[in-house]
Structures are given as structure tokens and as C-alpha cells.
Amino acid sequence: MKKFKIKTNLVSGIIMGAIALILILCIPSQIRVPAYDSGAPSPRIIPGICLAIMLVSSIALIIQSLVLKQEKVVEFDWEKEKPAILLIVGMCVYIGLMLCIGYVLASLIIFPLVLFYVGERKPGPYIVVLIAAFVIFLLFKNVFNISLPALGLLGGII
Amino acid sequence: MSDFAMISQAVPQVFTLYNMLLIFGGLILGMVIGCVPGLSVTLGIILMLPLTYTFSDPASAIILLLAVYVGGMYGGSISAITLNTPGTNSAIATTFDGYPLARKGKVKKALDTSLFASVFGGLFSAVLLLLCASLITKLVANFTSVEYFSLGIMGISLIAGVSGSSLPKSLISGMIGLLMACIGMDAVTGVTRFSFGSATLKYGIDMLPAMIALIALTQVVQKLRDFKVACGKLDDARKIDKQGITKKEMISILPACLRSSAIASILGAMPGVGGGVAQFLCYNEVRRTSKHPEEFGKGCLEGIAAAESSNNAVVGSAMIPLLTLGIPGDGVTALLLGAFVLHGIQPGPTMFTKQGVMAYTIIVGCLVANLLLAPLGLGMTRIVAKIVQVRYTYLAPVIIMFCFAGAFAATGNTKELILCAGILIFSYILTVLDIDNTPLMLGMILEDIMEQNFVTASMSYDRNYSIFITRPISAVILIITIVLLVSMIRVNRRVAKLNEEQEAQMASEHAKMENA
């Protein structure tokens, strides 16, 4: 199953319709009515309208697909999409690492791996990563006064 | 204070060394980002946004972002001409004639034509912006929160209507954006919405990390994917010759520039129409009225001029609804609206009364950026074009590192990074489902303005919700919204059809040229 076709109108309609329906059902528990009346409209109105429009649009997509036979079919090629999915996973791991060992170390671990994965074998991009991690960290720390996550070693750089 | 007095105060504020350096820097960065296929003007603006946090003058921040926008629109044409790959969506029509001319060995002529047309279009719309802004502001000076809410509806409806090929999908995307902005504590009632007991969601989703994940990170991941799939193969950039455009040729393309700039300025001023739509309509119109329509698609200077003056004309005219009504004209101005909000500026009629000098500083800054594009383009294009040849693996890690640092900088809280990852995954799912995330971004940006005005209007009229229909101006705005929505959907279909025809024609002509 390396390639499969997605009927985007139908699938979007079902997924988004389900999300809209679940969120509509969640409104009473997720958006409580204020204890006292300040004269302001209910905080449920805007989200409620949005969810209603989302649900109607989802139904419209399903009708388009099943009744009117208007469909936009997209081919999902696993071989082509696998790198994108792995890169997104890589970004998530990067964030996890950043929270644990800091910005510079996480960058120095993840990006060489990413570069190696995408097939880069020249040393140039690896050197750029090494320099950029330190430069961006110091730029934010000294110029913008924003300390990116760090372990507090080497004068706060790592 | 009169408009003239405000303009005379704004001019010296723009011509400070600091602002001029910002404009230069912004233009060069825009050109670089615009010319690298896969990087876009929106990405450039997002990367710059965290840097502007430290600016003491919000006008300087907006001027820098506008310079990136102007430079990026021209930069998009460099790769369109040299590689047949438009650097931005707005430069697709430039490939129709720019690339065939480059194949004839006249790269410099094509680039010069593009620069001349870009500057012409940009200046045309910037002057229009300067002249019209105050006039429109006076017309809408009596608007109340009721009308502003209706304007918000107009903004989101039109973007939903014109972006992407499916209206229901765009509506879903826009509504998700509004819902995402609803998450967290409601400013009026203090009630928490859709936090699901999570501390990360309790304080809401900040706009900047969301925009970074939706636009910048999504683009970089897709581009890296393509790099991996193509095994790092890059297109060959062409060498730039020395034969530029002659004065005679410059005069010959003036009518095309003028026609295209005028049409694009009208289209760009309509909320929801961006350079992507304008370029096709202008290209087609100039071809229709040309004395030599048969030369179009074969390296015709008029064709390049039509495409390039239209996409740069949109820059200034898209600022008209943004500055006067607070409604973004396209995806990039939606980002600029976000930048305005982040810097505590509320665009709209009150901006010209309360912060008039700042409004004119931004407008004059836009004008100056377009003026400076000419010498900068002449001097820098050759160097910038070489950047197209830089391997993407040099750029991607730096962009990603910068993105996450920028997302963290929004609030200095690690929750932003977690949200960034979550939104990146969600954005990928939307891409797979063929749902455009531009309306989502716009929904996020407009929600605050819409809800604020909705609450104010409701409280002012004792929760009489029919007020949005019974107040005449509001009703007119809503009717115009419906009319524009229907007409824009028609225009969109026409453009899609034109695009398909052009691409088919170009593909067959390229095939013929390859065979030859």
C-alpha cells in the first residue's frame, strides 16, 4: 500500500464534520456560562457559530462527493510523503530535546541528522548548522534579551 | 491636523538613517527570499516579525516588513526568469515570457524589464494609497463596532471565497482559525474556552508561533521533502548577460505597465484579491489589447511587464483596505495585520485620526521602498540571482532554527514550542486533505477584532443581534460581502481556467523549443 488515493472532499467532510460535532457537544463542558451577567454576550456565541458553519460546510463537502460526484482526488504516495512525515517527527523530537538539553545542543544533534537523512554529504551545511546554532542563540540573548532554553553551562550558552 | 501636515511630519521620519537602512535591508532580504523557490514573501515577513519586537517605533517595524514584501515581489521574478520556477505565487505569469526570453540568451533584458515594471507598478499603487487612504477613511469615519464586525465578516468571507478551489474547504479552514483564536481565556467574561484542562491551552494560542508553524515550517518541511525526493538535484541557473533593456523598449512597455498597474490596483484594493489572482487577469488583458498578441508566451517584453507590474501594484493597493478598514487584502497583508496587532496598532479609520503621522509614515515608507527598488535591483540582481544556486540544505536548518527561536520569543514560554509542533502536524494533515491554510491564518488574526466589535456592539444595543442587519451601513456591507463573494468565486474560476490554458500552451511551446 505505497500509494493510495484520497477523496479529499469526502474525507475532509467526514473528519471535519466529526470534529465540529464533537466540539459542539463539548461546548457545555468546555465553555461555562459566567456566574454573573455582565451584559456581555455569551462566550459560546462565536465558537458556536463557527462550529455550526464548519459542520454545514462539512456536510456540503460530503454531499458534493457522494451526491453531486464532485471530488478532488489526491494521490498519497508514501515514498514521497515519508520524508515529510519523518521531518515533522524530527521537529517534534527537536522540541522535546530543546526542552531537556537546551536550544544549542538540541540543534547540534537534530540538524546534522536531518541533513544526513535528506542526503547531504558535503561538510558545508554541517558547518553552517554548527555556527548558526551559536549565533542565533547569542543573537536572541544579547540583542533581543530573550534567553532561549539552555542547561546553563558554558556561561549560559549550552 | 490636516493630511498635508501629517504627511510633512511623516516624510522626515522615514528619511532617518535607521529607517533607510531598514528599507535597504528589507528589500535585499525580500529579493533573496523571493528569488529562492520554496521560500516566500510570507516566510520572509514571519522570520522578520520576531526581530521587530525590539523596535521602539512600530512604524519602523511595519516599514521593514513592507520593504521585505516589495523586494520579495520583485525577487520572485528572478527565479521565474532564470529557472522557469516562480519564487512566489505572484510570479507565475512572469515565467510565461520571462523564461522564453532567457532561453534566447536575453536574461538581463528580461530581468531589467521585470525590474522596470515592478518599480512602475509599485510606485503607481503606493501613490494611489497615499491619495486614497485619507479619502476612504473620511468616508468610513462614522463606522461603529456594528459596522466593524460586518467588515470583519467581509474580510474573512472574501478570503475564504477566493483562496483555494473549494469554498466549503476554505470556510472550514477559516472557521478553524477563528476557533483556534477562541481557545483560552475570554477577555470579556474571563471564561476559559476549549482548554480541555490543559495548562498549555489555558492561555490561548499566540499568533506568532501559529503563523510560524502554519506558513514557515510547513513550507520548509515540504521543500526539504522535495530535496530528499529529488536526491538533491538542483535546476541550473542561467548566466546573466550584459544586454539590458533599451530606452525605446522601456517606452514601448509603458502602456502595458500602466494598464496592468491600474487593473491590479483596483483588484488589489478589493479585500481578498492578491497578486496571484491579479497577475493572470492583467496578463490576459494586456495580451488582449496588445498590437502583437501572437508574441505573448515567446519572450514578449509586454508580457513580462504585465505580470510584474501587476504583482507589485498589488502591494500598495492591498494596503488600502488594511490601513483604512482594517481588512487584509491578501495573505501577506493578513500577516501584516498580525504585525500591526502585535505592535499594538489598530488599523482602520481611527488610525488616521489617532495615529495619523504613523499611518502616513508607513505609506511614505512603502513609496520609498518602491523607489529604492530600482537602484537596488540594478545593482544587486546579479548577486541575488546566484543565491538561487545555493543548496537548500544550507538554508533549511538556519530557517528552522530561526523559526523556533522566533516562536519561543513570542512569549518566552516553552508552551509556544509545543503548540508550534502541534500546529505543524495539523497543518500537514490539512495539506494532505487539500485544505488551504491561508483562511485559517486570517481567521486567527481577525477573530480578536471581530469578537471585540461583536461584544461592544451587543452590549451597546442590549444584545439585539438584529442590529447587524437593521443598521443600514452594516446591512450594505453584508450585502456587498455577498455580491463580492459571488463575483470573486466567478473571477477565481475564470483565473483557474486561464491558468490551465496558459500552462498547457506554455508546456507545448517549451516542448517544441526543447525539441528544436
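User: How many residues of chain B are in contact with chain A?
Analyst: In this predicted model, 56 residues of chain B are in contact with 55 residues of chain A.

User: And which elements of chain B give two or more residues to that side?
Analyst: Those elements are α8 (167-182), α10 (207-229), α17 (392-411), α18 (415-432) and α19 (438-460) of chain B, and α17(B) gives the most, with 9 residues.

User: What is that side made of, by class?
Analyst: The side of chain B that touches chain A has 38 nonpolar, 9 polar and 9 charged residues.

User: Take α8(B) then, how does it sit against α2(A)?
Analyst: The axes of α8(B) and helix α2 (residues 45-66) of chain A come within 9 Å and cross at roughly 155°; because angles over 145 degrees count as roughly antiparallel, the two helices are roughly antiparallel to each other. Their crossing is left-handed.

User: Which residues make that contact?
Analyst: On the α2(A) side they include I46(A), P47(A), C50(A), I53(A) and M54(A), and on the α8(B) side they include L171(B), I172(B), M175(B), L178(B) and L179(B). By class, the residues of this contact divide into 14 nonpolar, 2 polar and 1 charged.

User: Switching to chain B on its own, at what angle do α11(B) and α13(B) pack?
Analyst: Helix α11 (residues 247-269) of chain B and helix α13 (residues 301-325) of chain B pack at an angle of about 35°, with their axes 7 Å apart, and α11(B) passes α13(B) in a right-handed crossing. Among the residues that meet there are I253(B), A256(B), C257(B) and S260(B) from α11(B), and A305(B), A306(B), S309(B) and S310(B) from α13(B). The contact has 14 nonpolar, 7 polar and 2 charged residues.

User: Now Q279(B), is that buried or exposed?
Analyst: Q279(B), which lies in helix α12 (residues 275-289) of chain B, is buried, because 31 other C-beta atoms lie within 10 Å and 20 or more is the cut-off for a buried residue.

User: What is Q279(B) in contact with, leaving aside its neighbours within four places in sequence?
Analyst: Q279(B) is then in contact with S90(B), I92(B), A93(B), A307(B), S310(B) and N311(B). S310(B) is also one of the α13(B) residues that meet α11(B).

User: Last one, which domains does the assignment give for chain A?
Analyst: The domain assignment gives domain 1 (3-71) and domain 2 (78-143), and 37 Å separate the centres of these two domains, taken over C-alpha atoms.

Key
Residues are numbered from 1 along each chain as its sequence is written. Chains are lettered from A and ligands numbered from 1 in the order in which they are written. This is a predicted model: local features need pLDDT of at least 70, side-chain atom pairs count only at pLDDT 80 or more; totals for chains, interfaces and linings use all residues. Axes are lines fitted to C-alpha atoms, for helices over the stretch in contact, and angles run from 0 to 180 degrees between N-to-C directions. Helices (H or I, at least four residues) and strands (E, at least two) are DSSP runs, numbered from the N terminus. A crossing is left-handed if the near helix is turned anticlockwise from the far one by less than a right angle, and right-handed if clockwise. Two residues are in contact if their C-beta atoms, placed from the backbone, lie within 7 Å. Ala, Val, Leu, Ile, Met, Phe, Trp, Tyr, Cys and Pro count as nonpolar, Asp, Glu, Lys and Arg as charged, and the others, Gly among them, as polar. Domain bounds come from an automatic or database domain assignment. Angles under 35 degrees count as roughly parallel, over 145 as roughly antiparallel, 65 to 115 as roughly perpendicular and the rest as oblique. A residue is buried if 20 or more other C-beta atoms lie within 10 Å of its own, exposed if 12 or fewer, and partly exposed in between; C-beta atoms are placed from the backbone.
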